[in-house]
Amino acid sequence: MARGQQKVQSQAKAAEKQAKMKKQQGHSANEQKKAAQKALIHVCSVCKAQMPDPKTYKQHFENKHPKNDMPEELKAVS
């Protein structure tokens, strides 16, 4: 019976480890990527790069495509 206490401790430790693993699964990298992808709603008409807001899109367009004409939706953005 000397190992009975060790068995109980081992089971408790394993259950705690399983609970931690289950909790971490809720924040998987795949879910984070999906959430980030939803935020990228503006797509550059030239290079198809994705941006989260029109201001960033305008800055991108001015820096990366200075020779191209700016799209109408960006001319009003300040």
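Guide: Helices (H or I, at least four residues) and strands (E, at least two) are DSSP runs, numbered from the N terminus. This is a predicted model, in which local features need pLDDT of at least 70, side-chain atom pairs count only at pLDDT 80 or more, and totals for chains, interfaces and linings use all residues. Residues are numbered from 1 along each chain as its sequence is written, and side-chain values use heavy atoms, with hydrogens and water left out.

Visitor: Where is the place of His65?
Guide: His65 sits in the loop between helix 3 (54-64) and helix 4 (72-75).

Visitor: Why is His65 called buried?
Guide: Its relative accessible area is 11%. Buried means under 20%, exposed over 50%, partly exposed in between (1.4 Å probe, protein chains only). His65 therefore counts as buried.

Visitor: What is His65 in contact with, leaving aside its neighbours within four places in sequence?
Guide: Cys44, Val46, Cys47 and His60. Contact means heavy atoms within 4.5 Å.

Visitor: What joins the side chains of His60 and His65?
Guide: A polar contact of 3.3 Å. The term covers a pair of N or O atoms within 3.5 Å; within protein, one must be able to donate a hydrogen and the other to accept it, and residues adjacent in sequence count only if both atoms are side-chain atoms. His60 itself lies in helix 3. At 14% relative accessibility, His60 is buried.

Visitor: What reaches the backbone nitrogen of Lys55 at the start of helix 3?
Guide: A side-chain oxygen of Asp53 comes to within 3.2 Å of that nitrogen.

Visitor: What makes up the largest nonpolar core?
Guide: Six residues: Cys44, Met51, Tyr57, Phe61, Leu74 and Val77. Such a core is a set of buried Ala, Val, Leu, Ile, Met, Phe, Trp, Tyr and Cys residues joined through side-chain atoms within 4.5 Å.

Visitor: How many disulfides does the count come to?
Guide: The count is 0. A disulfide is a pair of cysteine sulfur atoms within 2.5 Å. For Cys44, the nearest cysteine sulfur is that of Cys47, 3.6 Å away. Cys47 is likewise in no disulfide.

Visitor: Buried or exposed: how does Cys44 count?
Guide: Buried, because its relative accessibility is 1%. Cys47 has 40% and therefore counts as partly exposed.

Visitor: What is the phi of Lys48?
Guide: Positive, about 65 degrees, although Lys48 is not a glycine. Most residues other than glycine have a negative phi. Lys48 is in the loop between strand 1 and strand 2. At 56% relative accessibility, Lys48 counts as exposed.
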